[in-house]
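Colleague: I have a model open and would like to go through it with you. Could you take me through it piece by piece?

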Amino acid sequence: MAEKKPDNNIVLENVHLNLNTSAGRINILRGISLKIKSGESVAVIGPSGGGKTTLIMAIAGLEKISSGSLRVAGVETSELGEDDLAMLRRKNFGIVFQDFHLIPTMTALENVAIPLELAGASSDVAFSVSRNQLKSVGLGHRFDHYPSQLSGGEQQRVAIARAYASKPGILLADEPTGNLDGETGMKIMDLLFELHKDNETTMVLISHDNELADRCGRTITLADGKIKE
Ligand SMILES: Nc1ncnc2c1ncn2[C@@H]1O[C@H](COP(=O)(O)OP(=O)(O)OP(=O)(O)O)[C@@H](O)[C@H]1O
Ligand SMILES: [Mg+2]
């Protein structure tokens with residue numbers, strides 16, 4: 001059956017993001033215009049403090065933009081309320097945070113399955129999908145371990161399993177190998193690119209690692225809140 005190809009484009013037009021802090025107003029994103037097409041893989045690089053994490057958080061709707069337009073999957077997300085944003089995130093996004101963000105009181109399996117249930121899956125489906133997902137990242141023997149009982153690389157793999165469990169159209173990853181040793185990092189990267197290919201996911205990847213950036217279709221350099229050509 002012919003299926004309409006989903007719109008997983010990310011389109012930013014002149015996006016500014018300012019924060020008011022005790023030290024005054026700071027401009028973190030300063031006029032970002034950017035189009036990332038469905039299925040593309042894009043590396044975001046640039047110096048520390050340049051705004052990379054903030055950009056990803058804005059795309060995910062976790063940080064509110066101050067002005068400009070931000071469309072994800074055809075929706076102007078800057079106009080959505082918290083509930084709609086949370087639903088959009090659960091349905092369209094997989095997010096791999098640099099420091100994993102696993103829930104410490106839940107097992108590996110629950111960490112993957114609970115978000116699926118929140119997105120509307122039945123418990124049976126959520127847990128069976130999650131078992132398969134954890135097996136596919138090599139953690140079939142770690143279902144019942146809590147995050148504190150897992151190595152850094154294993155925690156990152158749980159985070160990736162969770163991010164991909166809902167088959168998101170868009171994957172955002174913030175230095176997904178930043179905390180890992182070289183060999184584990186390489187395996188995690190192979191896994192991410194494999195999933196990206198298999199699922200035709202739009203992937204935005206922050207990295208300090210040139211080798212990694214080279215594997216993406218395109219690289220964007222962000223410095224001082226702006227895109228540098
Ligand atoms: N909540 C906040 N309050 C004040 N300043 C902030 C806040 N969040 C971010 N910033 C500032 O915004 C700038 C961009 O931060 P961001 O985390 O996006 O950088 P980054 O490019 O991801 O850096 P790194 O490579 O070190 O992770 C930094 O100068 C940071 O100090
Ligand atoms: Mg960062």
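Colleague: Which elements each supply at least two residues of the shell around ligand 1?

Modeller: Strand 1 (10-21), strand 2 (24-36) and helix 1 (52-59) each do so, where helices (H or I, at least four residues) and strands (E, at least two) are DSSP runs, numbered from the N terminus. This is a predicted model, so local features need pLDDT of at least 70 and side-chain atom pairs count only at pLDDT 80 or more, while totals for chains, interfaces and linings use all residues. Residues are numbered from 1 along each chain as its sequence is written, and chains are lettered from A and ligands numbered from 1 in the order in which they are written.

Colleague: And which residues are around ligand 1?

Modeller: Around ligand 1 are Leu19, Thr21, Ile26, Ile28, Ser48, Gly49, Gly50, Gly51, Lys52, Thr53 and Thr54, a residue being near a molecule or strand if its C-beta atom, placed from the backbone, lies within 6 Å of it. Helix 1 gives the largest share of this shell, three residues.

Colleague: How do the shell residues divide by class?

Modeller: The shell around ligand 1 has three nonpolar, seven polar and one charged. Ala, Val, Leu, Ile, Met, Phe, Trp, Tyr, Cys and Pro count as nonpolar, Asp, Glu, Lys and Arg as charged, and the others, Gly among them, as polar.

Colleague: In what order do the strands of their sheet come?

Modeller: The order is 2-1-4-5, in an open sheet of four strands with antiparallel pairing; two strands pair if DSSP finds at least two bridges between them. Strand 2 and strand 5 (75-76) are at the edges with a single partner strand each, so one side of each is left without a neighbour in the sheet.

Colleague: Which strands of this sheet does helix 1 lie across?

Modeller: Helix 1 lies across strand 1, strand 2 and strand 4 (67-72), running at about 65 degrees to strand 2. Two residues are in contact if their C-beta atoms, placed from the backbone, lie within 7 Å. Axes are lines fitted to C-alpha atoms, for helices over the stretch in contact, and angles run from 0 to 180 degrees between N-to-C directions.

Colleague: What about the sheet of six strands, what is its order?

Modeller: That open sheet has the order 6-7-8-3-9-10, with mixed pairing. Its edge strands are strand 6 (93-96) and strand 10 (226-228), each pairing on one side only. Strand 6 pairs with strand 7 (residues 170-174) in the parallel sense over four bridges, and the bridge partner of Phe93 in strand 7 is Ile170. Helix 1 packs on this sheet as well, touching strand 3 (41-45), strand 7, strand 8 (202-206) and strand 9 (218-223), and its direction makes about 150 degrees with that of strand 8.

Colleague: Now the helices. At what angle do helix 4 and helix 5 pack?

Modeller: Helix 4 (residues 123-136) and helix 5 (residues 152-165) pack at about 135 degrees, with their axes 9 Å apart. That makes helix 4 oblique to helix 5, since angles under 35 degrees count as roughly parallel, over 145 as roughly antiparallel, 65 to 115 as roughly perpendicular and the rest as oblique. The contact is made by Val129, Ser130, Gln133 and Leu134 of helix 4 and Ala161, Tyr164 and Ala165 of helix 5, and these residues divide into five nonpolar, two polar and no charged.

Colleague: How does helix 6 sit against helix 5, roughly parallel or roughly perpendicular?

Modeller: The axes of helix 5 and helix 6 (residues 182-199) come within 10 Å and cross at roughly 10 degrees, and the two helices are therefore roughly parallel to each other. Gly153, Gln156, Arg157, Ile160 and Tyr164 of helix 5 meet Thr184, Ile188, Leu191, Leu192 and Leu195 of helix 6 in this contact, which has six nonpolar, three polar and one charged residues.
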